Amino acid sequence: MMTLRAASLFIVALMASLLLASSAAYAIAPERMPTPQLEARYLALIHGFRCMQCQDESLADSPVNLAADMRREIRDMLLAGKSDQQIRDFMVSRYGYFILFKPPFVLKTAWLWLTPGVILLIGVIMALRIIRKRAALAATDVEDNDLMDA
Amino acid sequence: MSRVTRFAIPLALFALLVVVLAIGIRQSPEKDLIPSPLIGKPAPDFSLPSLTEPGQRVSSSQLRGHWYLFNVWGTWCYACRMEHSMLLKIKQMGAVPLVGLDWKDDRQDALSFLKEQGDPYATIAVDHDGTEAIMWGVYGAPESFLVNPQGIVVYKFIGPITQQDWDQHILPRLSTSAAPAAAASS
């Protein structure tokens with residue numbers, strides 16, 4: 001029992017350290033913005049865009065040249081006083097919805113947003129049915145025990 | 001009845017899964033080719049320094065009124081070198097002028113490469129810092145955009161153009177769309 005707990009703790013620690021190590025290894029030197037507000041908006045924006053070359057990474061995490069160019073472009077737009085929405089619209093107008101890690105809810109992306117909900121609903125219905133069936137079985141067991149006791 | 005549904009539901013779910021995965025597998029070869037939102041829209045306006053003529057600029061306004069194939073390349077790009085002989089062939093055919101965008105390249109490297117291998121381009125714009133490539137939604141080289149006389153992006157080809165790609169994807173768009181425009185102008 002103790003060894004099991006120790007082993008699981010060890011695995012969690014190992015995974016955590018791997019996670020930390022990998023994020024440190026891939027961290028990109030952040031480009032500074034003149035004010036903390038702009039810095040926060042900049043960081044939020046670059047974490048929300050996909051790097052088009054290494055498609056599972058955000059612009060914030062990607063070390064490729066194109067991502068650096070895009071970060072510079074976003075920085076320039078922020079410094080020019082563009083709103084977050086204007087910057088997002090610009091990126092979508094050039095690269096399509098694919099560049100957004102969180103695509104908007106439009107007709108084209110509706111299935112993307114709705115499918116998980118539909119699957120969850122099916123799962124909940126199935127789980128409820130099974131639980132109800134088991135509960136009914138358990139109830140009859142208890143009744144039998146009561147009879148035996150009496 | 002319940003025995004039937006007990007088999008029918010998992011079977012139906014399995015069939016659904018098969019359909020979804022089949023669609024996924026069928027589309028997987030084009031997974032890396034992200035459709036451009038610029039198709040059917042005006043090509044980005046630009047005015048950039050010319051690679052071959054120092055002090056001159058290449059601008060989108062000069063290109064209005066005729067077809068051109070906007071080709072994004074760089075000497076650092078291996079696939080562009082593979083594509084180069086096809087570009088020379090396109091030039092030789094005279095089907096459509098090639099407008100190059102020398103992307104994040106060294107000027108001297110680019111000039112000596114063209115001197116050695118031949119220059120297929122009618123004109124070449126320099127995108128030294130990569131800003132113009134972002135305007136076109138470029139995410140790799142080579143990429144080619146077919147632009148019509150009205151300045152509308154008709155088609156985007158991602159990757160090195162082969163003879164087969166030219167015959168199948170680019171030439172048909174050029175001839176079918178060019179015909180009415182030519183008829184209208186004459």
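Reader: What share of the contacts in chain A with a separation of 6 or more comes from residues 24 or more positions apart, and what makes two residues a contact?

Author: Two residues are in contact if their C-beta atoms, placed from the backbone, lie within 7 Å, and of the contacts in chain A with a separation of 6 or more, 45% are between residues 24 or more positions apart. This is a predicted model, in which local features need pLDDT of at least 70 and side-chain atom pairs count only at pLDDT 80 or more, while totals for chains, interfaces and linings use all residues. Residues are numbered from 1 along each chain as its sequence is written, and chains are lettered from A and ligands numbered from 1 in the order in which they are written.

Reader: How do you know which secondary structure chain A has?

Author: Helices (H or I, at least four residues) and strands (E, at least two) are DSSP runs, numbered from the N terminus; chain A comes to five helices and zero strands, and its pattern along the sequence reads α-α-α-α-α.

Reader: What makes the packing of H2(A) and H3(A) parallel, antiparallel, perpendicular or oblique?

Author: Helix H2 (residues 36-48) of chain A packs against helix H3 (residues 65-79) of chain A at an angle of about 140°, the axes being 11 Å apart. The axes are lines fitted to C-alpha atoms, for helices over the stretch in contact, and angles run from 0 to 180 degrees between N-to-C directions. Angles under 35 degrees count as roughly parallel, over 145 as roughly antiparallel, 65 to 115 as roughly perpendicular and the rest as oblique, and therefore H2(A) is oblique to H3(A). Leu38(A), Arg41(A), Tyr42(A), Leu45(A) and Ile46(A) of H2(A) make the contact with Arg71(A), Ile74(A), Arg75(A) and Leu78(A) of H3(A).

Reader: How do you know what confidence the predictor has in chain B?

Author: The predictor's confidence in each residue is its pLDDT, from 0 to 100; chain B has a mean pLDDT of 89, with 91% of its residues at 70 or more. Over residues 178-186 of chain B, however, the pLDDT is below 50, and this stretch has two contacts in the model beyond near neighbours in sequence.
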